[in-house]
Amino acid sequence: MQQNDQVAESSHKRYDDVVRRHFPGNVTGFEQDSDTHYTFFCENRVTMQVNIITDAIIRFRYSVDGEFDPDFSYALNPSFTPPATTVTFEETETAFLIGTPKLHCTISKHRLLLRIYDHEGTLLCEDDTGFYLRESILQGITEVKVTKKAPLGKMFFGLGDKPSLEFNLRGKAFENWCTDTFGYEADTDPIYRAIPFYYALYKNNAYGIFLDNTYRTRFSFDRQGNEVSSFSAAGGDINYYFIYGPTLPQVATRYAQLTGTPELPPLWALGYHQCRWSYYPESRVREVTEGFRARQIPCDVIYLDIDYMDAFRCFTWDKERFPQPEKMVKDLAQQGYKTVVIIDPGILIDKNYHVYQSGTEHDVFCRRDDGKLMRASVWPPECVFPDFTNPNVRTWWGNLYQNFYQQTGISGFWNDMNEPAIFEVKHKTFPDHVRHHYDGHPCHHAKAHNVYGMQMSRATYEGLQLLAPHKRPFVISRATYAGGQRFACCWTGDNNATWQHLQIANLQCQRMSISGFSFIGSDIGGFAGISNGELFVRWLQMGVFHLFYRTHSMGANADISAYHPDQKPITDREPWVFGEPYTSVAKTAIELRYRLLPYLYTAFRQYCQTGEPVIKPLAFYDQTDVTACKRKIEFIAGNHILVRPVIKPAKNTVKTYLPRGNWYHYHTGVLYKGGKKYKIEAPLHQIPFFVKEGAVIPHYPVMQYVGEQQPDEITLLVYFLNGTEESCLYEDEGENKSYKEGNFALHTFATEGTQTGFTLLHTIKGNYQPPYNKYKIIFHGLPFTPSHCTVNGQPANLQRATLHTKPVYEVITMPGFEAIVLR
């Protein structure tokens, strides 16, 4: 046995297990397989592969016997082609040195310990004890681990949907194991998603670590207070990517290069969604949808939860509750509604049920080690479950949507219970020994568990693409893994109707967004429990800036036994159920969402193009600002809006911090200097938010649903700065894929201001012709009184108005203008 292997054996070998612990020994040699790929060998057979992906991304992979599993990943973006980069290699007496234009990596000849520096020689990341593996004869590999040094002051962010009330994860440890966690609380762990990716920020240098391992993983961020962080898995390889910034947004975009971004969703998907467990029968669905239109509260999407099905049989209808589903969906569409239905993975065992029949015929269901079907209770009393890691099964599953999607007219699908969840109190999911195809790399459920939901949403998404190639699919998934953003949006799961959960939702959505999933939201108002009008409207206001904007609740399924019998607890979440003043406030919030749709759609398009998160903490705006890095309530939405949600009851004022630059209060037009804290008015009918100086914020007129009318005018709010700034507006048809062939319009607005003048320049790329024929442009914050206005060099009429005692100036112009000058 080599000196660097440690073996612990029981004296009762016949009955007890033999545990082996492996560490790298001294390096005895290396191979250079290409200019970007190196393999290092230790005396005890421990082996490390180093692959230079780009000049800012390096992959590290370890083996204890020199053998590596086939190189396969569900997380990686299959369309990513790394650009060529220059790599240098040098061997010294004690180490190997690998360099790129941005990074320098030293690999110690003792135990393969790593140090990674930037090109100026600043130490970014350093191993502590480095790689370690534990295995036993009876259990196989039980832990693979890497430890790294975490000096005081290093901050950690990300890791997906963790419900921690602290944005900086330092001092905590977390697991990734997709788990059905109804009514979770602060620091409940694990919950629904497994995103093994985090950021580190230290002395103004940022990097990320992505551990591409689908087993149960664990991350510790100096949990023991010994200045050591670690990441580990309960099986498989240590296979991780070091992703350099040096800024946090650069880390985010490079992570997106690796794992991909979604395609643009239909524009209606960014509208308001109304959901409940459950809206039935058909008369109740019509009552709710008519309630929105009667009150003129905008809404685009209505949801049907599990009770639309025939005894929880997916892809069926309860004929008593919904006798004519196709007619109902068509009628709703004529009112401007898209219908979305829930689909679960659990398939009822019933020989007369067509999905079970077809699945049995095609052998699509998961099996145990002994070949028996994996059976368990979910909503139906006994279910079987498709193996979505099998490409043939994914194709089979995608075809099941044909009737709902093509004939009935369902617009989107909500994949739930796909952790996968089963109704078994202790374990809540499949046993580890259940077998999976894993795209030709057979494995147990211990490896496939965290990608099960992701592959279900993939099967749904790809099926919809094949059924209607011209349409943009809309899929929601509760469980997912890194890279799952390519297939579905997410929400934060079965939360509670409490003020603390409003705070949690704020942090979760920021955290998910910087973890690759910008298309994220929460169950507005809280899924479980009894809400109230103030909590509901404050949540609704915050949700305006989350890309997935959905209200959802348990409805009559909520437990109201703890409430006073004389009270009538409100379990519904329609915007009018709490009465006035809350109905009017809710309507105002939703109308604001529809006004801001072009801004949010533009931010979404930028996310799809670059991977830059749509919502992000202030640290992503200015990581050099110590105060900004510690803030967790405020967040940046898009590039030019800062939001300060109201997250506590009975608050008419809030304290907020504004980072560098100057910021205009959206509602009052007051200009605030950045780098300071302020006390801001926050009346019930308003959420405080601020616009960055120099920005151009596009607004649509309020509509009851996307496409209700073709506007003849849109509004541009233009904010003065002494300097220059750039903003964009992206537009396309909104539902088909013609934008991929150039049928889009990308407007770029450049602002330049001085104390005596202001210029707005406008350029357009793309072939799309918007329906409107004029802009109303409103200038805010001018430090001078303009006496002269020209549009494309021609004199134009400039009107003065007032916003909360502040002067603003309006000009109407054609959408193709090139320059507006104010003097």
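Colleague: How many bridges join strand 44 to strand 45, and which way do the two run?

Modeller: Eight bridges join strand 44 (residues 744-753) to strand 45 (residues 758-765), and the two run antiparallel. Strands pair if DSSP finds at least two bridges between them. Strands here are DSSP runs of E, at least two residues, and helices are runs of H or I, at least four, numbered from the N terminus. This is a predicted model, where local features need pLDDT of at least 70, side-chain atom pairs count only at pLDDT 80 or more, and totals for chains, interfaces and linings use all residues. Residues are numbered from 1 along each chain as its sequence is written, and side-chain values use heavy atoms, with hydrogens and water left out.

Colleague: What is the bridge partner of Ala750 in strand 45?

Modeller: Leu761.

Colleague: What is the strand order in the open sheet of six strands?

Modeller: The order is 43-44-45-51-47-48, with antiparallel pairing. Strand 43 (723-732) and strand 48 (794-795) are at the edges; each has a single partner strand, so one side of each has no neighbour in the sheet.

Colleague: Which helix packs on the sheet?

Modeller: Helix 11 (residues 597-610) does, touching strand 43 and strand 44. The direction of helix 11 makes about 90° with that of strand 43. Axes are lines fitted to C-alpha atoms, for helices over the stretch in contact; angles run from 0 to 180 degrees between N-to-C directions.

Colleague: And at what angle do helix 10 and helix 11 pack?

Modeller: About 55°, with the axes of helix 10 (residues 582-595) and helix 11 5 Å apart. The two helices are therefore oblique to each other. The classes are: under 35 degrees roughly parallel, over 145 roughly antiparallel, 65 to 115 roughly perpendicular, the rest oblique.

Colleague: Which residues meet there, helix 10 to helix 11?

Modeller: Arg593, Tyr594 and Arg595 in helix 10 meet Leu597, Pro598 and Leu600 in helix 11. Contact means heavy atoms within 4.5 Å.

Colleague: Switching to confidence. What does the chain average in pLDDT?

Modeller: The average is 95, and 96% of the residues score at least 70. pLDDT is the predictor's confidence in each residue, from 0 to 100. Over residues 1-14 it is below 50, and that stretch has 25 contacts in the model beyond near neighbours in sequence. Where pLDDT is low, the predicted coordinates should not be read in detail.

Colleague: Back to hairpins. How many residues does the hairpin from strand 8 to strand 9 go through?

Modeller: Three. Strand 8 (residues 95-99) and strand 9 (residues 103-108) run antiparallel, joined by five bridges. Phe96 stands opposite Ile107 in strand 9.

Colleague: What about strand 9 and strand 10, how many residues between them?

Modeller: Five residues, and Arg111 in that turn has a positive phi of about 65°. Strand 9 pairs with strand 10 (residues 114-118) in the antiparallel sense over five bridges. Leu103 stands opposite Asp118 in strand 10.

Colleague: Which residues does the cis peptide bond with omega of about -5° join?

Modeller: Asp189 and Pro190. Pro190 lies in the loop between strand 14 (173-176) and strand 15 (197-202). The bond from Glu419 to Pro420 is cis too, with omega near 0°.

Colleague: Last topic. What lies over the face of Trp576?

Modeller: Arg295, at 4.1 Å from the ring centre. The charged end of Arg550 sits over the ring of Trp491, 5.0 Å from its centre. The rule takes NZ of Lys or CZ of Arg within 6 Å of the ring centre and within 35 degrees of the ring normal.
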